[in-house]
Amino acid sequence: ACSDGLRPLLVRAESRRSETAATVNGSIEIVRAREHNLRDLSVSIPRDRFTVITGVSGSGKSTLAFDLLFNEGQRRYLETLNAYARQFIEPVARPDVDLVLGVPPTVAIEQRTSRGGRKSTVATVTEIYHFLRLLFAKLGTQFCPDCNVAIEPQTVDAVVAAIAKRWRGRQIELLAPRVRGRKGFYLDLAEWAARKGIEQLRVDGRYLPSADFPRLDRFKEHDIDLVIARPVVSGATRRLTQLVEQALEFGNGTLLVAAPRRKDVVFSTQRACPKCGRSFEELDPRLFSFNSRHGWCPSCYGFGLAMRGVDEEQTGEEAWWTDGQAGEAPTCPDCQGQRLNPVALAVRWQGRSIAQIAAASVSEARRLFASLSLSGREREIARDVVAEIRARLQFLEEVGLGYLTLDRAAPTLSGGEAQRIRLAAQL
């Protein structure tokens, strides 16, 4: 017998002993579960074994598997995170049960038929492609898509000479690119520009004053350029050289030349083709994304297929893609189904473009990354990224999907393949 005041302490002590016993015995103990159709169900489930839950329809199989085991394992795992991380995660409700003991962190793969949108591939679903994009942005060697020549640095005088030759006798606009496809207010950038004597900024194609700069939509991606000057080109003059130097300084080695009713032309002291003189902006992971305007093929918008009614607003998640045009649209003639623009396809790492690596099967890609020989700076940069790619490729092989190519479109997968890919991605 014990007094009421001691009973809560004794109950907690008993719970700790039960938890320890459950851990030692290698089992998950569920005591008196009353969630949904379950009526005071108590069950012991062995750990590290394959357990099947079976029963007639409505008996509570899914409740036991998902609402009890999965939810409680997930809830306890999330409680171990710090308060800052938990504020971004929707809390998981406690199940109606007396005790759940010995449950580890859990992963659940539901039996769904969804295979992803038209732009999803094996590599994107498993996040392998995310790491490939990072590798190519940091370690890729850029080639000119027109000349197939590796790009090199060029001098300021070469940039000035090219501008003077191309736009002699015409008025142009010199701009320094500062923001590309980034979200934010950018009030501080406008204030900084005003202090530097920059009177105007070009924001998403609109010209705004730096002195009275409006608050931008923080949830929208913006392109922002500093308007340096609008000179009339009369030759490679000292004044033009000074303006070019200023634009290159503010643009971190890159400037843009804009002319009326013409597309911007990029000039760079760091990245230019030694044969044709064409300049390129700094490599960015978004350049290799066919879900981004920075990287997708301008003809097919990253779908890799010549489909009617496609524009940059289509994501591939719309129902009519899967319902109406799932199979017989021909390959895009411009990118040959590789989904990316010519600049992205001209970047190479280990002698291959990112599309060539994505065209390999899981097994082929695993052998490639297993045999990599990296040294020096390349090894330091690629170490963690390559480890992530190797781990994901290994899981895909372990679940029997070594034959799939990384660029295989998700909607073309069978139900079993899609489930195993989700399982590999979660693990």
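1. Buried here means under 20% relative accessible area, exposed means over 50%, and partly exposed is in between (1.4 Å probe, protein chains only). Helices (H or I, at least four residues) and strands (E, at least two) are DSSP runs, numbered from the N terminus. A friendly reminder before you read on: this is a predicted model, in which local features need pLDDT of at least 70 and side-chain atom pairs count only at pLDDT 80 or more. Residues are numbered from 1 along each chain as its sequence is written.

2. Let's start with helix α12 (residues 362–370), whose buried residues are V362, S363, A365, L368 and F369. Their cover includes α5 (128–139), α11 (354–358) and α13 (376–398), with contact meaning heavy atoms within 4.5 Å.

3. Next, have a look at L216, in the loop between β7 (206–209) and β8 (221–229). L216 counts as buried because its relative accessible area is 7%. Leaving out residues up to four places away in sequence, L216 touches G184, F185, Y186, V203, L208, H222 and I224. Of these contacts, G184 is 32 residues from L216 in sequence, with 6.9 Å between their C-alpha atoms.

4. F88 sits in the loop between α3 (83–86) and β3 (97–101), and F88 counts as exposed because its relative accessibility is 58%.

Definitions and conventions
Side-chain values use heavy atoms; hydrogens and water are left out.
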